[in-house]
Each structure stands twice: as structure tokens, then as C-alpha cells.
Amino acid sequence: MTDLLAETLDHLERLVSFDTRNPPRAIAAEGGIFDYIRAQLPGFAVEVIDHGAGAVSLYAVRGAPKVLFNVHLDTVPDSPAWSADPHTMRRLDDRVVGLGVCDIKGAAAALIAAANACEGDAAFLFSSDEEANDPRCIAAFLARRLSFDAVLVAEPTQCEAVLAHRGISSVLMRFSGRAGHASGRQDLAASALHQAVRWGDRALDHVASLDAERFGGLTGLRFNIGRIEGGIKANMIAPAAELRFGFRPLPSMDVDRLLATFAGFAEPAAAYFEETFRGPSLPSGDIARAEERRLAARDIADAFELPIGNAVDFWTEASLFSAAGHTALVYGPGDIAQAHTADEFVTLDQLQRYADAVHRIIDGGSRP
């Protein structure tokens, strides 16, 4: 085991011990994980900002860096399926297990270790609100309009540079019906739940019709009805129902048009239809601009000798940086299949590769 990996594991053990589950997103600006990180970055100018609602960011700068590394510290909640305390990291022969080790505290630990192993210029942005549909940290940072040649956003990509991924849109719908006894013949539209189910059938048919659409190795539209609730009991017509759905478009798809299409499937019209969150695709922009940004990100990856991977279905905050005009790519240790799972793990080999790459970039002066 190299000294760099050993230091990474020691930092990761401490980072895992801090409870940063989101929800409830109750991370404090003072004490806990942010005080720990600040103490581990001597020689850095460190700024911790509380953006409200449990969203806190830490921006650390040394020298005059041209590259920004971004990593989120919040995790999803643990589940009863964990076989041991999720906040106590377990070291096995070829991996470590703990909540957030893969998504994505392993990268945060490696950034700290790599920064202390050399004296090169470096800029780190640690955020704490990625696992919720309220990305305050990145929005506030982008409003400062700082300039970087490249932004490397850490997510589990098996240490391959990801240049493109889907966007994301989340929607809340409400349906209104008329309460009544369910024994008689009824207009199907009288039941809010019947309206919701019929809407779902039309929506799923439309999604299937888009299977042949493609962009950069990605195909079709990813779609999910995540929640339907309403009604009172089996023999009562449901007067109200609420439905939440989400979809993940290709970079080439028009999100506003998709929203209008989905809204139009409600008969009668939904009582309420609101997009609650939207994240752009990576790269952002129209097809020509997106391709230009993808090629620029490829040049960055080549300059840093990072292997280039395939486009991915999951969304990342790299798209927010891209939409703001930065050349952004996704690069981090671990497999996305381990993210959000019980007994989440990341291999030692992945941590070593990521730490080595970060050290190489920083030690080389962070110049693409």
C-alpha cells in the first residue's frame, strides 16, 4: 500500500464517521466534517458558507489554480439492510465499506491526501446538497463567476472521464375528482386515481415511442413514476390524487416540449402540474454547442491522461458547471452500481487510481 493510499484511507475513515445524510440535510457549518476538512488543508485559504436549509459549502484555494475539483459530502440515508454501522468504515482485503465511501467521500479523502503530498496550486469545492433537488451550493458558487480552465466533478465513474450524461426533470402532478360511493356506474374521470392511472398508461406509451432516439451512445428517454397516492378506501371514489414522476432526457431532447406533452396526457387536465427540479444534460446547450463542449472536455481528459469512458444515464452537477460556461467532466473512483446501496463499498485499486491522478494534476501545476 502506498503512502498516498494509506493517507486517503485514514481521511476516509474520519469522513465516513460524520453523519451527512440527506435527507435530513442537517449539516452544520461549524463543527463536524467542515472543521475536519479545514484542519487538514494547511496552506489553503478556506471559506465555509452556510447557504441555508442545511446546505453548506467549503471552498479551499492554494496558489493560482486553473482546475477546480468538486465533490459532494452528503450521502443518501442508510437502510435497515446494512449489516453493520454505516458510519464506521470497515477495511477489507481489497475494499472499504461504509456509507458514502463510493458516493463520494472516497474522492474527498483522496483530494485531501493528494494536496498534502505536494505543493502545487489547487482549488477544491466541497458541497453538501447534491443528494436533494435543491442545489444551493453550486448555484451560489457559480454566481461568483470565477474562472477555471476545467472543472472535474467527482462521482463514481470507475476512474474514467465521463464527457456526457442525461439531464433530469422531476414533476409533481395533482388530480381532482368527485368523492362518492363506488357501487354505482361512474364516469371514470370522477376518480382522481383513475385519472392518474390512465395518465401513466399514456405517458409510458409515449416513452416507449422514443426508444430509437440517441445521443453519444445513449438511447431513449429514461422515465419513472415514483409515487402515486390518494383516495380513502376501496368503496369510495377518490376525490384527490398526487403523482410524482421524473425523466432523464438525452442532451438532444427539448425538455419544455416533453413537459408539455406529458401535461397534455391528462384527461381532464391535471389540477396541478409543476416541474419541481431540472438539471441540464452534460454537455449543455444546443446540439452544436453541446458537441463543441464535449470535444473541449475530451481535450482536457487527454491532457491529464485520463481514460475516457462512455456517456452515462445518471445525472451530475457537472452539467451545472457546463451550463455556466465551464468545460466540465465527471471523474471519480468507484462504481455507480454501489452508490445508494446497503454495505456500499469502493475498492482500494479505485481509490489509488483516483488519488494518483489528482496528485499528478496538482503536482503538474493544474494546467490542462
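Predicted model: local features only at pLDDT ≥ 70, side-chain atom pairs only at ≥ 80, totals over all residues.
The largest pocket has a volume of about 790 Å³. Its lining is made up of 30 residues, and those nearest the centre of the pocket are Asn 133, Ile 168, Ser 170, Arg 248 and His 340. Four strands, β8 (168-176), β12 (222-230), β14 (240-248) and β15 (272-279), each contribute at least two residues to this lining. Of the contributions to the lining of the largest pocket, that of β14 is the largest share, at 5 residues. Sorted by class, the lining of the largest pocket comprises 14 nonpolar, 9 polar and 7 charged residues.

Helix α7 spans residues 287-303 and contains 17 residues. The distance from the first C-alpha of α7 to the last is 24 Å, close to the 24 Å expected at 1.5 Å a residue. Within α7, the buried residues are Ala 290, Arg 293, Ala 297, Ile 300 and Ala 301. These residues lie on the same side of α7, because they cover an arc of only 95° around the axis. In an α-helix there are 3.6 residues a turn, so residues three or four places apart point the same way. The elements against which the buried residues of α7 pack are β7 (150-153), α8 (318-323) and β16 (328-330). Just after α7, a positive phi of about 60° is found at Glu 305.

In the whole structure, a search finds 1 cavity of 30 Å³ or more. The largest cavity holds about 40 Å³ of space. Its lining consists of Leu 163, Leu 282, Pro 283, Arg 293, Arg 294, Ala 297, Ser 322, His 326, Thr 327 and Ala 328. With 3 residues, α7 gives the most to the lining of the largest cavity. By class, the lining of the largest cavity divides into 5 nonpolar, 3 polar and 2 charged residues. Arg 293 and Ala 297 belong to the lining of the largest cavity and are also among the buried residues of α7.

A further helix, α6 (residues 255-264), contains Leu 258. Leu 258 counts as buried because its relative accessibility is 8%, the cut-off for burial being under 20%. Beyond residues up to four places away in sequence, Leu 258 touches His 206, Leu 210, Leu 221, Phe 247, Pro 249 and Met 253. Between Leu 258 and Ser 169, the separation is 89 residues in sequence and 9.9 Å in space, C-alpha to C-alpha.

Notes:
Residues numbered from 1 in each chain as written. Heavy atoms only, no water. 1 Å grid on protein atoms, 1.4 Å probe; cavity = no way out; pocket = protein on both sides within 12 Å on 5 of 7 lines; lining within 4 Å. Points joined across faces, edges and corners; volume = space filled by probe spheres on them. Nonpolar A, V, L, I, M, F, W, Y, C, P; charged D, E, K, R; others polar. Expected span 1.5 Å × (residues − 1). Buried < 20%, exposed > 50% of the residue type's maximum accessible area, 1.4 Å probe, protein only. Arc of directions from axis to C-beta. Contact = heavy atoms within 4.5 Å.
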